Amino acid sequence: MPPSENKRRDWAGLGDGLAGTIADRVLAHDVADYLRFRAVCGPWRRCCADPRAHGGLDRRFHPRRWLMLREPRERIDAPNRRRFLNSSTGECIQVHLPELHNQEVLALTSEGLLVVLDWPRSTEVRLLNPLTRHLTQLPPLTALVSHQGNDGLLFTAAFDTHFPAWGSGVLSDDSTVVLSFNRLNILGMAKPGDGHWTVLKFRNPLRTASSMVAGRFYCATIDGVMVLEDQPPRLELAARLPMPVSPMADTVHLMNSAGELLLVHRRFSRHHDNNNMANRRYDVYRLDLGAGTLCRVDSFGGGGHALFIGMYCSLSVPTKVFPSGSIRGDSIYLSFDIAERNKTEGYHLADRSTISSDSLSSHSALQPHNLVDCLSLCSTGRIWCHFEKHLVSHCRR
């Protein structure tokens, strides 16, 4: 027998202890890698927990780094296939999700879960883990619909945009789901097994999207940044706005950036021309929750993050995982639903310079020309992309 045959390792026979330890470390890094680990062989699969045997709100199995890239509705070759981008590694995978057939996706939560609505057949709501395909039943939206006054108004207004409930997520108690309809100034709270949603109304809202950070829900009003407290359910002031904000002319954008809540204030410059939308300025503030203040910053994430802001959803991504020169740290990139995007692609905070745009629009960008276009469409809530070099098929076993 050749020497190489004598030294061949029996990887399937690692034993439950060692294989289980490896599985735990893989899971702590990324649930997608954990699923691949389980798919290698039967012995490895038997030594680690089956995600679908645990509750859908078990954070260990949440795809928290994965962003869903929205496919066009008219796609007929694979209507239930979706692509997901890992914002920490730049990897892109595609997943077949029959659970999305004839369903509306209300939101991609901060945990990577999909809030799915069985509309227009009913108002049934479920949470879908797109990688483990675990479904969690939530109360129907009956309470939100009745609170709004009529069935059509809630959904007609909400579905004008993709991901109309952006900013929804799971609270830190790991059992309560927050569903936020920002355009309607309504949010609901419920746990699996509840019969209805507890409804809260925003007061004096600004044009913004809400955000989840470390299991806490935040939104912005004319008074300041508000945080949701659940005993009893109410919105409390976390920090007053340190600057004047025009509810009609300005927008504010909340997002989780490396575990911190950032607020981007999009405003006109002091000497703006109403006919020139490029005369916008963008100021970034970081929430100091302990001090109850918003502090203006010119750098975030140690200079290694870039922000992508849209009218209904915004996100922060690390620059190091993407090709060199494709995006720049301490910069703000604009989604295609931002009016000045056709003239200005982005804005550098350090030198207050703008990034010129190639005039690509969300209607013409069926195939994004570069990474900025792709992520800009992502934060618009709709995207058509083909990361052919990074695309890998994901098999669930």
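A search of the whole structure, a predicted model, finds 2 cavities of 30 Å³ or more. The largest cavity has a volume of about 50 Å³. Its lining is made up of Pro51, His54, Gly55, Gly56, Asp58, Phe61, His62, Asn129, Thr132 and His134. By class, 7 of these lining residues are polar, 2 are nonpolar and 1 is charged.

The largest pocket has a volume of about 760 Å³. In total, 33 residues line the largest pocket. Arg64, Ser87, Ser110, Met212 and Asn256 lie nearest its centre. The lining of the pocket divides into 16 polar, 13 nonpolar and 4 charged residues.

The chain as a whole was examined next. It has 397 residues, and 54% of them count as buried. Its secondary structure comprises 25 strands and 7 helices. The accessible surface comes to about 17,700 Å². Carbon and sulfur atoms account for 49% of that surface. Contacts were also sorted by distance along the sequence. Among contacts with a separation of 6 or more, 51% are between residues 24 or more positions apart.

Helix H3 spans residues 31-39. It is largely enclosed by the rest of the structure, because 7 of its 9 residues are buried. A residue counts as buried when its relative accessible area is under 20%. The buried residues of H3 are Val31, Ala32, Tyr34, Leu35, Phe37, Arg38 and Ala39. They pack against three elements: helix H2 (16-29), helix H4 (42-46) and strand E1. In general, an α-helix has 3.6 residues a turn, so residues three or four places apart point the same way.

In one, strand E14 (residues 224-230) pairs with strand E15 (residues 233-240). The two strands are antiparallel, and 7 bridges join them. Valine 225 in this pair stands opposite alanine 239 in E15. The hairpin connects E14 to E15 through 2 residues.

The other hairpin is formed by E23 and E24, with 4 residues between them. Strand E23 covers residues 344-348, and strand E24 covers residues 353-356. These strands also run antiparallel, with 4 bridges between them. Histidine 348 stands opposite serine 353 in E24. In the turn, arginine 352 has a positive phi of about 60 degrees.

The loop between strand E22 (331-334) and E23 contains serine 335. This serine is buried, with a relative accessible area of 0%. Serine 335 is 21 residues from serine 314 in sequence. In space, the two serines are 8.6 Å apart, C-alpha to C-alpha.

Methods
Residues are numbered from 1 along each chain as its sequence is written. This is a predicted model: local features need pLDDT of at least 70, side-chain atom pairs count only at pLDDT 80 or more; totals for chains, interfaces and linings use all residues. Side-chain values use heavy atoms; hydrogens and water are left out. Two strands pair if DSSP finds at least two bridges between them. On a 1 Å grid over the protein atoms alone, a cavity is a set of points where a 1.4 Å probe fits but cannot get out, and a pocket is an open set with protein on both sides within 12 Å along at least five of seven lines; lining residues have an atom within 4 Å of a point. Grid points are joined across faces, edges and corners, and a volume is the space filled by probe spheres set on the points. Ala, Val, Leu, Ile, Met, Phe, Trp, Tyr, Cys and Pro count as nonpolar, Asp, Glu, Lys and Arg as charged, and the others, Gly among them, as polar. Buried means under 20% relative accessible area, exposed over 50%, partly exposed in between (1.4 Å probe, protein chains only). Contact means heavy atoms within 4.5 Å. Accessible areas come from the Shrake-Rupley method with a 1.4 Å probe; for residues, only the protein chains shown count as cover.
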